[in-house]
Amino acid sequence: MDFQAQVTADGSSTFFSKAFEETFHSQSGAKQEAQEKFIIPCQLAEKAQQQSQLNLLDICYGLGYNTATALETIWNSNPNCRVQLIALESDLTVSQAAIQHQLLHQWHSPIPELLATFSQQQSLNHSHLQAQFLIGDARQTIQKVIQQNVLADAIFLDPFSPPHCPQLWTVEF
């Protein structure tokens, strides 16, 4: 798949999906969107100050912006906080293309390096980040999460818009 980076209003970049006929993020700002839609409402900074471990479920991981912003927020609040991440994604080439285009360079080290390794290996076991990808249709891969009785401190549900990806906006999902 051919990915062309598009700069958004906050200086971060996103891709356009030909399959879903829309960009992965808002044109007002990809990084800003992650902060406003997920990080602030989930109160991750506050939770990181109160807990030694946070469990994240990132549905439709995409370029990795939501996870990168979450890690930055958590580790700025509590550098010793451990993060357990489960990321659901249908197409791993998206996150790999984000790494290849250096779209995560806006975050401080070690976040870009950790997420690059995660994208390449589909799992990660680091002192402060344990992560695993579940690749496939989220309607099926979410069943594995349910079977494992995963309890998340934050869930990022970030599919394409309802007109373009209605299957992940149903009551059943």
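Author: A crossing is called left-handed if the near helix is turned anticlockwise from the far one by less than a right angle, and right-handed if clockwise. Helices (H or I, at least four residues) and strands (E, at least two) are DSSP runs, numbered from the N terminus. The model is predicted: local features need pLDDT of at least 70, side-chain atom pairs count only at pLDDT 80 or more, and totals for chains, interfaces and linings use all residues. Residues are numbered from 1 along each chain as its sequence is written, and side-chain values use heavy atoms, with hydrogens and water left out.

Reader: What is the handedness of the crossing of α1 and α3?

Author: Helix α1 covers residues 30–39 and helix α3 residues 65–77. Where α1 passes α3, the crossing is right-handed.

Reader: Why is α1 described as roughly perpendicular to α3?

Author: Axes are lines fitted to C-alpha atoms, for helices over the stretch in contact, and angles run from 0 to 180 degrees between N-to-C directions. Angles under 35 degrees count as roughly parallel, over 145 as roughly antiparallel, 65 to 115 as roughly perpendicular and the rest as oblique. The axes of α1 and α3 lie 9 Å apart, at an angle of about 70 degrees. That angle makes the pair roughly perpendicular.

Reader: How many charged residues are in the contact of α1 with α3?

Author: Contact means heavy atoms within 4.5 Å. From α1, the contact includes Lys 31 and Phe 38, and from α3 it includes Tyr 65 and Glu 72. Ala, Val, Leu, Ile, Met, Phe, Trp, Tyr, Cys and Pro count as nonpolar, Asp, Glu, Lys and Arg as charged, and the others, Gly among them, as polar. By these classes the contact has six nonpolar, four polar and two charged residues.

Reader: How many charged residues are in the contact of α4 with α5?

Author: Helices α4 (residues 92–100) and α5 (residues 111–121) pack at about 145 degrees with axes 9 Å apart, and their crossing is left-handed. Leu 92, Ser 95, Gln 96 and Ile 99 of α4 meet Pro 112, Leu 115, Ala 116, Ser 119 and Gln 120 of α5. The contact has five nonpolar residues, four polar and no charged.

Reader: Which residue of β8 is the bridge partner of Leu 56?

Author: Strand β4 (residues 53–59) runs parallel to β8, joined by four bridges. The partner of Leu 56 in β8 is Ala 154.

Methods:
Pairing = 2+ DSSP bridges.
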